[in-house]
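Thanks for coming. I have one structure to go through today, so please have a look at it first.

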Amino acid sequence: MRSFEQHLNDFSQRHIEIAAISVDSTDDSRKLSQAKGYTFPVLSDPAAEVIRNYGLLHPKGGEDGHDITRPAEILIDSSGTIRWENLTDDLRVRARPGQVLEAFDSTIGKLTATSGK
Amino acid sequence: MKRRHNILLWAGFVLVLLALLTYIPIFAVFAITRDVPWVNYLLFLAGGILLGLGLRRAFGHPEIYRGKVLGSILAGLSVLLFALFCFVIFYISKAIPASETAVRVGQPAPNFTLANWDGKQVSLSDQLKNNRAVVLIFYRGYW
């Protein structure tokens, strides 16, 4: 998430919003966001409802055995359709901003570029 | 005659400790040294080489160098620490459920409204307004 914050310009240039989601309380998310200086929304889904809807539940994956989300990055176009996703199988290996930007450019960006002409 | 200290053993062990302890606070911060922890592997390797040289001195020239017992202990500990590191990298780090249940590319993204940390409600449909795209980052939290 730190690297996404560093590439905010690249995302805003392409009109891409960033939002992070976890089961953390708004309090924990505030501490995290303020400590790291995140300017994008860091949303709380304490009951993991949205996480379940996205099929990303990691049952009992939390430190004290409660349900959390598996890591994932999902790119959604303005019609609400999922255009790209990264479902890592390794906690340490997350999508880099460049991968998301590339995915945008080769899917959504391509379409808007041609339809805009 | 007093035998010499075998500094290689301690130097090797310190490198092994560094290899283990620097990953999370330093090298895991940057994708280039996190995804494949090559800096930490190199530190383990360098530590192992120094320990090996130290042990060779201790056992090859016990009349000059100390460290047969100490070196064996430090080497044993180092092997355990390396095993711990590998356990975290190859097992703990991959202990997440399979992704079969996840929403798929081409499917509609389920709408949601969730609270931001500043108390504001944020919904996906609002974020997508004005022809904008959204990248959602699902993260495990509390760390």
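Two strands pair here if DSSP finds at least two bridges between them. Strands (E, at least two residues) and helices (H or I, at least four) are DSSP runs, numbered from the N terminus. This is a predicted model, where local features need pLDDT of at least 70, side-chain atom pairs count only at pLDDT 80 or more, and totals for chains, interfaces and linings use all residues. Residues are numbered from 1 along each chain as its sequence is written, with chains lettered from A and ligands numbered from 1 in the order in which they are written.

Start between the chains. Strand E5 of chain A, residues 72-76, pairs with strand E3 of chain B, residues 133-138, in the antiparallel sense over five bridges. Within E3(B), Ile137(B) is the bridge partner of Glu73(A).

Now the whole contact, counting residues whose C-beta atoms, placed from the backbone, lie within 7 Å. Chain A puts in 59 residues and chain B 40 residues. On the side of chain A that touches chain B, strand E1 (residues 16-22) of chain A gives the most, with seven residues.

Next, inside chain B. The axes of helix H1 (residues 7-21) and helix H5 (residues 68-90) of chain B come within 10 Å and cross at roughly 15°; axes are lines fitted to C-alpha atoms, for helices over the stretch in contact, and angles run from 0 to 180 degrees between N-to-C directions. That makes H1(B) roughly parallel to H5(B), the term for angles under 35 degrees. From H1(B), the contact is made by Leu9(B), Phe13(B), Val16(B) and Leu20(B), and the H5(B) residues include Leu74(B) and Phe85(B).

Conventions. Parallel < 35°, antiparallel > 145°, perpendicular 65-115°, else oblique. Contact = placed C-beta atoms within 7 Å.
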